[in-house]
Amino acid sequence: MKLASHYNRASIIISVSMLIISACIYYVIINHIARKELDDDLSEEVGEFISYVNNNHSLPVAQYDENQTSYIKTNLKSFNTRFYDAPYTNPNHTEIEPGRAVSGLIHFNGENYIFTIVESREETEYLIQIISLVTVILTAILLFVLVVTNMFVLNGLWRPFYNILGFLKSFNISDITIITTKNTKVDEFRDLNDAVSKMSARVTSDYQGLKTFTENASHEMMTPLSVITSKLDNLIQDERLDSDQLKEITDIYSASNKLARLNQSLLILVKIDNDLLQDNETLNLSAVILEKGQQFQEIIKNKKIILSIELDNMEITASKYLIDVMVNNLFSNAIRHNKANGEIKIGMCGRTLVFQNSSDQSELNSELIFNRFYKGKTSDGTGLGLAILKNICSHYCFELTYKYSNGLHIFEIDFN
Amino acid sequence: MKLLIVEDEQGLREAIQKYFTEEGNICEECSDLKIAIQKIDLYEYDCILLDIGLPDGEGFTILEYLKSIGRDECVLIISARNSLEDKLKGLNIGADDYITKPFHLSELKARLQAVFRRKAFGSTNTLIYKDIHIDLSGRSVSINNNEIIFTKKEYDMLLYFIANKGKVISKNAIAEHLWGDEIDMIDSFDFIYTHIKNLRKKLMEVTGTDFFSSIYGVGYKFI
């Protein structure tokens with residue numbers, strides 16, 4: 001539940017209960033005042049009644065001044081005058097209405113009478129009803145206004161917060177666009193905004209620094225590597241070298257070659273991470289795979305591997321370079337870890353590409369194989385091939401999964 | 001061929017100079033932009049090997065300078081950056097080819113000769129080595145007027161070996177030339193052997209000479 005809803009709920013519950021309580025108090029007070037007013041009226045009536053009796057020496061008629069008066073002879077010597085609610089029969093409508101009565105003792109012609117004067121309460125009731133209705137309507141309006149203002153004012157107030165949240169959600173460490181600070185009048189949000197901007201700027205710049213370092217380091221290594229390679233190229237021209245020395249040189253060649261590849265792989269990773277390859281174009285993936293298959297053909301034949309390809313036509317939009325690297329790595333992986341007289345099956349069905357290869361190795365840990373520098377004990381690869389593959393796939397939001405079944409290692413890429 | 005090597009890494013500069021000089025080429029070398037421009041002002045060169053990252057600026061400056069004074073030396077860029085933009089930029093402002101570090105000297109030489117030939121003789125030219133006549137535009141090879149059919153790889157390899165005649169070329173260099181550096185198969189060089197064997201056989205059948213000598217597992221030499 002949103003913060004605004006929490007607040008809304010609390011404020012509405014409090015407002016409603018406060019309103020109910022105040023309505024009750026209000027009702028009780030009004031009722032009390034109205035009753036008091038009626039009782040005052042009745043007291044006045046009683047006064048008038050007594051003076052009438054004293055002046056006229058007779059009891060007034062029952063219907064007296066719209067009030068109904070009744071008398072009962074009594075033997076009681078004393079009777080406390082009391083006020084109470086009693087039904088009132090309206091003589092015009094002959095309806096029973098709520099009324100207020102007063103009873104008291106009067107001494108007349110040597111006899112005691114209990115007189116009762118009943119007055120209609122209808123007008124007061126009506127007044128209370130009107131007041132209640134007005135209160136209810138006002139309460140409803142108040143609640144409505146409260147909800148609406150909460151909704152709009154709160155939403156407006158929280159907008160900067162949601163902007164910041166949106167920024168954080170879409171925050172990409174390799175993205176160098178800085179947060180666009182929108183001015184807000186709320187101090188807390190301004191502080192939050194500042195803090196988030198500063199943090200993201202610092203994180204991004206640190207990350208950029210690291211990436212630049214990796215890139216520069218990899219580039220800087222290329223020159224010494226080319227010195228090694230070219231010195232070796234000159235060295236093997238020497239006819240005095242014997243086979244042992246040449247064997248050593250071959251090993252140095254291999255090592256420097258591997259180092260160069262490692263470096264190139266790191267550079268590819270940096271380029272993917274930094275989103276430096278944006279030469280997106282529409283590619284026919286099946287054509288790319290067939291072409292690569294052609295390039296790898298000799299190596300596959302040489303290892304006596306049976307290659308079967310079954311491809312649906314599929315087009316994707318991506319960098320040609322990265323897709324080349326991707327297909328290359330899939331092939332290299334399937335060939336490198338294959339066994340003699342093994343097999344490679346490549347299939348594309350719909351928008352799913354599957355590379356399957358046989359191997360001497362049993363099932364691999366699918367959690368680890370895509371990690372950088374994770375490789376089998378016997379592998380002489382760079383340990384970056386599958387990491388690059390994974391990075392390319394996540395860069396384009398392709399889903400890469402590894403499975404093992406029937407002795408085949410299966411790499412599946414879902415392009416949707 | 002008169003060559004200027006502009007490269008700030010001394011070891012690399014010396015290695016290139018050594019590899020290229022033996023041919024009877026004239027090689028001059030310098031390590032920064034300033035001296036390179038002085039040399040270009042003073043002498044004419046057939047080819048310039050140009051490093052992009054120099055201590056006093058980018059090698060592109062030299063390309064622009066050559067263009068501004070209307071010179072058309074062959075320029076081959078040597079760069080530590082395998083970046084498409086640098087490559088396109090270099091080729092756009094007049095470079096003839098672009099090679100990324102690390103490279104094999106044999107590769108550099110083959111590329112340099114190819115651009116030099118293209119510039120000096122246009123696209124219609126014939127490369128002659130001993131009895132071997134290669135029509136570079138038609139990509140056909142004939143020996144004593146007998147045309148020999150080579151596969152694409154064999155043809156590429158033949159050109160590569162002729163460019164580096166008399167030099168030992170390592171298997172790594174051959175593999176990289178034929179399959180590009182994308183294909184990483186250092187553990188299986190056997191398939192190079194197959195191609196060399198076929199090429200050797202085809203040449204021997206016509207000329208009766210063995211052009212190849214194998215150097216103890218490290219590589220091959222074309223004589």
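1. Fold content of chain A. In this predicted model, chain A carries seven helices and twelve strands. The chain has 416 residues, and 39% of them count as buried.

2. Contacts and surface of chain A. Take the contacts between residues at least 6 apart in sequence: 66% of these join residues at least 24 apart.

3. Extent of the interface. Chain A meets chain B through 41 residues of its own, and chain B puts in 44. Together the two chains bury about 3800 Å². Of this buried area, 53% lies on carbon and sulfur atoms.

4. Two salt bridges cross the interface of chain B and chain A. One of them may be inspected directly: A:Lys231 pairs with B:Glu14, and their closest N and O atoms are 3.8 Å apart.

5. The chain B side. Five elements of chain B each give two or more residues to the side that touches chain A: α1 (10-21), α5 (105-121), β12 (168-170), α7 (171-179) and α8 (190-207). The top contributor is α1(B), with six residues.

6. Make-up of that side. What kinds of residue form the side of chain B that touches chain A? There are 18 nonpolar, 15 charged and eleven polar residues.

Conventions: Residues numbered from 1 in each chain as written. Chains lettered and ligands numbered in written order. Predicted model: local features only at pLDDT ≥ 70, side-chain atom pairs only at ≥ 80, totals over all residues. Heavy atoms only, no water. Helix = DSSP H or I, 4+ residues; strand = E, 2+ residues; numbered from the N terminus. Buried < 20%, exposed > 50% of the residue type's maximum accessible area, 1.4 Å probe, protein only. Contact = heavy atoms within 4.5 Å. Buried area = accessible area lost by both parts, 1.4 Å probe. Salt bridge = Lys/Arg side-chain N within 4 Å of Asp/Glu carboxyl O. Nonpolar A, V, L, I, M, F, W, Y, C, P; charged D, E, K, R; others polar.
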